[in-house]
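Here is a short tour to read alongside your viewer.

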Protein chains: 2
Amino acid sequence: MSDVAPLANDLLLRALRREPVERTPVWMMRQAGRYLPEYRAVRAGSDFLTMCRTPALAAEVTLQPIDLIGVDAAIIFSDILVVPEAMGCHLTLDEGVGPQFPTPIRSAAQVQALRQVDPVTDLGYMLEALTLVRRELNGRVPLIGFAGAPWTLASYMVEGKGTKQFAIAKRMLFEQPAVAHALLEKLADAVGAFCQAQVAAGAQAIQLFDSWAGALGPREFREFALPYLARAAAAVRETGVPLIAFAPGASWALDEIADATQADAVGVDWHISPTDARARLGDRAVAMQGNLDPCTLYAPIDEIQRRTHDMLEAFGPFGHIANLGHGILPDIKPAHAKAYVEAVQQHDWSRSAHADARAAALREPAGVSV
Amino acid sequence: MSDVAPLANDLLLRALRREPVERTPVWMMRQAGRYLPEYRAVRAGSDFLTMCRTPALAAEVTLQPIDLIGVDAAIIFSDILVVPEAMGCHLTLDEGVGPQFPTPIRSAAQVQALRQVDPVTDLGYMLEALTLVRRELNGRVPLIGFAGAPWTLASYMVEGKGTKQFAIAKRMLFEQPAVAHALLEKLADAVGAFCQAQVAAGAQAIQLFDSWAGALGPREFREFALPYLARAAAAVRETGVPLIAFAPGASWALDEIADATQADAVGVDWHISPTDARARLGDRAVAMQGNLDPCTLYAPIDEIQRRTHDMLEAFGPFGHIANLGHGILPDIKPAHAKAYVEAVQQHDWSRSAHADARAAALREPAGVSV
């Protein structure tokens, strides 16, 4: 990507490295999504999977929140389930039903039959979209690539559709643990290779989503989720770009996730207070990303501002990437999303409890200050 | 209830008081449920609500797991949503759809129109069922009554049906907090009065289920869930029977729940290790109930036994009521449920890491030993 301009706004990357920043960077999970009328206009002409597979459309909606909301990072528009699909699991996304695999994975033979993914030939559309967005951004903000973590993808492949309890997937862990491990191993390799290809295509940071981590208790999380998340993370780390590991519902494991993945930042969901999250991480050299409850954006704007203030103060001025604690909801008013982003960007640290530490850190020429 | 025999098996009540017990008592949430063919036989002849409203049927299925599985407590067969229904929310329970309130609560006027519940006239069928079960048990094991906690009932009334995110209910907390508080207040009074009536009808312990506690972050939990759970709990405490407070998904708040409710035991869900739960509770004089992941019962029986052993050792021999960390799933084999219960009841504490402390505690004539 030598033909694009250097980054004008590198706050995200500096915060991920826990360097002093003039202000906290902010983006929102699902920021390229249904809450934006401009997104719905594109979506009206194409189904979701067609949007994912058409680089020009994926690029268009990826850029919308940069222009419309003013976030400090772009995240490529796509879906975590494109990886299982590339492995040969037929994926359907019917309106109102949600994504489904009509032939869920339940046996060793099915796991063995899954294809080895070649990201360039099988997922080239997302790589093209990344390159296109990177060019169109032209250095305005960094571009984040992403993938689902192995446990999350596996649980979806085994269930075949969304579920509250993941009882079918968990049943496999207890009844056929060897089949589960074989599936997770294949997924870890596919996810790792895919993330590396995303970096080659222009991604400047990678987020791994272990979205269903909360379906597992500590013992199963440590056996079936964490080692495979770590394996995919190791592939990301080889690229040298920063890694964000997000495992909502597993706040109790933030320390173990940081250790196993060596991520630059861990995502913090809205179930946990920033203070508890920091305590769980101890003195580990890791940034945190999060964690306003997306439902907070239903509140009046002055209340959004107050709560954003409280969140920023709780995380402190460095080593924090402001985000929601989960994806933005489709019925949030864009003005409320924008109020959140602006409340982060305009936060007055000079009147903060952190004012002195911050002033001192910003005087230092470089280095980690958290 | 002077016309029933004294308790032959009072392990549950003694464990709730954290007294030394010869063995850890065990029961399972949803133990009167679909995993039992004998339950399905009764259910084949009546819909779910009819079973709740027919004392003879409710009593029959309540007693099944005592006879068939050998648990150490009975819990009355019913549903938490009978309280909103008694307040005037029409409830439907169609096959395969789950419970629904076709007219969800969304406005102050609707909250105001909710009826004041008189447990004896409005929920007499459950009180009759309790009295019937208590007589039929004739002292074999204690009988537990229960109710949903105010936040859990309110969220269901506002949503109108089951949901993953509770975005509509949470939206009310952010957009119309005064309406939410008015609803929660009414519910707390109704739940409190209902629990008192259950005790009068024969319940020997009460469990409050704040099943959707995990839908709230710390700030909302402290404002909208905990104070109303505490208010209902205070009504239970007036009766003198032991109280179990269970708020799955809010393990981070176990200490606050114990303090606010002054419960004899807190329920521990399967997301948290017993060690972390104990650490969160510090030196509070409170028992714990839980927490085997219900999916563990999919495992082969020898694995169920190993994991039950590990769980018992982690909780220790006193101040623990063994249970699952959530309701038993409908496709669990009864033999596996029975293997779990027997693994608890036959656990050999003399070969445990706790052997010495246990022997010493059992030598003491009385008092709390944890």
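Which residue just after helix 14 of chain A takes a positive phi? Gly282(A) does, with a phi of about 60°. Please keep in mind that this is a predicted model.

**Helix 14 of chain A**
- Helix 14 spans residues 274-281 of chain A, and its buried residues are Pro274(A), Ala277(A) and Arg278(A).
- Looking down the helix axis, you will find these buried residues within an arc of 95°, so they line one face of helix 14 of chain A.
- An α-helix has 3.6 residues a turn, so residues three or four places apart point the same way.
- Thr275(A) and Ala279(A) are exposed, on the face turned away from the buried side.
- The cover over the buried residues includes helix 13 (254-261), strand 7 (265-268), strand 8 (287-292) and helix 15 (301-315) of chain A.

**Where chain B meets chain A**
- The contact involves 20 residues of chain B and 20 residues of chain A.
- On the chain B side, helix 10 (residues 167-175) gives the largest share, with 5 residues.
- That side of chain B divides into 10 nonpolar, 4 polar and 6 charged residues.

**The sheet in chain B**
- Chain B has an open sheet of 7 strands in the order 1-4-5-6-7-8-9, with parallel pairing.
- Strand 1 (74-75) and strand 9 (320-324) of chain B are at the edges with a single partner strand each, so one side of each has no neighbour in the sheet.
- Strand 5 (residues 205-209) and strand 6 (residues 243-246) of chain B pair over 4 bridges in the parallel sense, and Leu208(B) has Ala245(B) as its bridge partner.
- Helix 12 (residues 218-239) of chain B lies across strand 5 and strand 6, at about 165° to strand 6 of chain B.

Notes:
Residues numbered from 1 in each chain as written. Chains lettered and ligands numbered in written order. Predicted model: local features only at pLDDT ≥ 70, side-chain atom pairs only at ≥ 80, totals over all residues. Buried ≥ 20, exposed ≤ 12 C-beta atoms within 10 Å, placed from the backbone. Helix = DSSP H or I, 4+ residues; strand = E, 2+ residues; numbered from the N terminus. Arc of directions from axis to C-beta. Contact = placed C-beta atoms within 7 Å. Nonpolar A, V, L, I, M, F, W, Y, C, P; charged D, E, K, R; others polar. Pairing = 2+ DSSP bridges. Axes fitted to C-alpha atoms, helices over the stretch in contact; angles between N-to-C directions.
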